[in-house]
Amino acid sequence: MPESIVSLENTLNELEARVRERIDAAVTPEDLEAVRLEALSRKAPLNQFGKQMGQLPPEERARVGKLLNAVKEGLETAFEARKAQFEREALAHRLDSEWVDLTLPAPGPRPGSLHPVTQMQAEIEDLFTSMGFAVLGGPEVETEYHNFDALNIPPHHPARDMQDTFWLTDGNLLRTHTSPVQVRGMERLGPPLRMIAPGRVFRNEEVDASHDHTFYQVEGMMVDREVSVAHLIYFMKTLLSHIFRREVTVRLRPGYFPFVEPGFELDIQCLICGGPGCPVCKQSGWVELLPCGLVQPNVLRMSGIDPEEWNGFAFGLGLTRLAMMRYAIDDIRLLQSGDLRFLTQF
Ligand code: FA5
């Protein structure tokens, strides 16, 4: 092999080795690109080298030309490999820095949620509106007439003692039940009437695990022609199976309320203890949930409805107690506590 070729080949190999060193030494993709532009530019030694080859005899030129091309291709491949390595490192770094632990609470403000009593109220409203009932509201500060007299509870009637009342100095009171909204519904809308009235009520109670001074009820009333106890039972069963999404054990006892005749107490078997007894059911295994009955004719008459033509049923659901049963809450005081450890569970 002529000496000139050997020396050319050595020069080529040296050039290649130098460029490869610089490729390896590049610390950023920008460095690498600068090296590439410089090493493969037209003025670069490699390309200058191509020009010198023109002076070689043809067979040597072909041989060195081949070698030159192989070196150039090898360097291109080395550049690409190093570039790909930078890209892999950048991706790995990005994946590391952007890794999110999905099991941690989301940052930022925590979303709120509806109070369990509000959730139950909304469900009951949806159910009853789907059955043609209107949802009515009434004042929390009530007249004595609407809270008692118009419900067949005149002054000095012993039934007034059934509900410890917060009286106001002006003779009004904090309503002790949602039943005055029945009266307002009959006065305003007349028969035929299907209404429910959810709302807050107040009693001067000794507070314990199942009694609060402020709690929620849902009143219900249907006035029409020939309403019977069978209608009442149908709506109550529909209500309870909807709320508890299962068969619940209930019992009906005679109950006395001056505004219904006959009157009943519908009790539900305690869903907290399942029957043996606990503080919520006062160790009885049953929780009083739903007083109800057929509307007393005097009540219809006092609100301008002829009891000869119309009759109806009414019920007064303890909404707070129902929420306790539904969510197995064993102390009523939690519901009004505002304690976020409790509320954020719903
Ligand atoms: C009444 O308030 C009647 N107005 C219900 C009624 C309406 C009867 C229509 C007939 C026809 P009672 O005082 O029993 O009834 O209360 C109704 C429900 O409210 C009870 O069954 C109970 O679930 C709930 N309740 C009563 N007192 C409290 C209290 N202190 N804390 C929480 N819930 C209570």
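Where is the place of A328?

A328 is placed in the loop between helix 10 (319-327) and helix 11 (340-343). Helices (H or I, at least four residues) and strands (E, at least two) are DSSP runs, numbered from the N terminus. The structure is a predicted model, in which local features need pLDDT of at least 70, side-chain atom pairs count only at pLDDT 80 or more, and totals for chains, interfaces and linings use all residues. Residues are numbered from 1 along each chain as its sequence is written, and side-chain values use heavy atoms, with hydrogens and water left out.

Although A328 is not a glycine, its phi is positive, at about 55°. N152, also not a glycine, has a positive phi of about 70°. N152 belongs to the loop between helix 6 (144-147) and strand 3 (173-174). Its relative accessibility is 17%, so N152 counts as buried (under 20% relative accessible area; exposed is over 50% and partly exposed in between, with a 1.4 Å probe and protein chains only).

## Cis peptide bonds

P191 and P192 are joined by a cis peptide bond with omega of about -10°. P192 is located in the loop between helix 7 (180-189) and strand 4 (193-202).

Another cis peptide bond runs from E261 to P262, and its omega is near 0°. P262 is part of strand 7 (residues 260-269).

## Helix 5 against helix 8

Helix 5 (residues 116-130) and helix 8 (residues 229-244) have axes that come within 11 Å and cross at roughly 135°. Helix 5 is therefore oblique to helix 8 (angles under 35 degrees count as roughly parallel, over 145 as roughly antiparallel, 65 to 115 as roughly perpendicular and the rest as oblique). Axes here are lines fitted to C-alpha atoms, for helices over the stretch in contact, and angles run from 0 to 180 degrees between N-to-C directions.

On the side of helix 5, the contact involves M120, E123, I124, L127 and F128, which meet F235, T238, L239, H242 and I243 of helix 8. Contact means heavy atoms within 4.5 Å. By class, seven nonpolar, two polar and one charged residues form this contact of helix 5 with helix 8.

## The buried side of helix 3

In helix 3 (residues 45-53), the buried residues include L46, N47, F49 and M53. These residues lie on the same side of helix 3, because they cover an arc of only 145° around the axis. The arc is that of the directions from the helix axis to the C-beta atoms.

Definitions and conventions: Nonpolar A, V, L, I, M, F, W, Y, C, P; charged D, E, K, R; others polar.
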